[in-house]
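Colleague: I have the model open. Can you take me through the main points?

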Amino acid sequence: MVSEVLKNREERRRRELSDYHILDTKEEEEFNNLATLAAQICDVPIAQINFVDGRRTWSKAAHGAPPGNSVTEYSFCKHTI
């Protein structure tokens with residue numbers, strides 16, 4: 001029962017992410033500013049704004065590291081979902 005609920009939530013999250021049409025969009029200053037602000041607030045050298053779809057983690061913005069893609073299986077973000 002619990003695993004079915006989690007599966008349904010994950011499917012809904014992926015659909016909603018897809019509906020935003022944000023994956024693979026161009027760099028935007030506002031997102032970069034948010035990443036920089038997050039790094040400053042948390043007093044860390046690196047901050048990223050990432051989106052996780054079914055197969056990868058995609059960085060919309062980054063501070064202190066280049067944005068990029070990674071396989072979701074190896075992504076830290078996988079542990080937060």
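**Surface, strands and contacts**

Modeller: The protein has an accessible surface of about 6,200 Å², and carbon and sulfur atoms hold 55% of that. Areas come from the Shrake-Rupley method with a 1.4 Å probe. This is a predicted model: local features need pLDDT of at least 70, side-chain atom pairs count only at pLDDT 80 or more, and totals for chains, interfaces and linings use all residues. Residues are numbered from 1 along each chain as its sequence is written, and side-chain values use heavy atoms, leaving out hydrogens and water.

Colleague: Which pattern does the protein follow along the sequence?

Modeller: Helices (H or I, at least four residues) and strands (E, at least two) are DSSP runs, numbered from the N terminus. The protein has two helices and three strands. Read along the sequence, the pattern is α-α-β-β-β.

Colleague: Which residue in β2 stands opposite Phe51?

Modeller: Strands pair if DSSP finds at least two bridges between them. Six bridges join β1 (residues 47–52) to β2, and the two run antiparallel. Opposite Phe51 stands Trp58.

Colleague: Is Asn32 buried or exposed, and at what relative accessible area?

Modeller: Asn32 sits in helix α2 (residues 29–42). Buried means under 20% relative accessible area, exposed over 50%, and partly exposed in between (1.4 Å probe, protein chains only). Asn32 is buried, at 17%.

Colleague: How far is Lys60 from the ring centre of Phe31?

Modeller: A charge sits over a ring if NZ of Lys or CZ of Arg is within 6 Å of the ring centre and within 35 degrees of the ring normal. Lys60 lies over the face of Phe31, and its distance from the ring centre is 5.3 Å.
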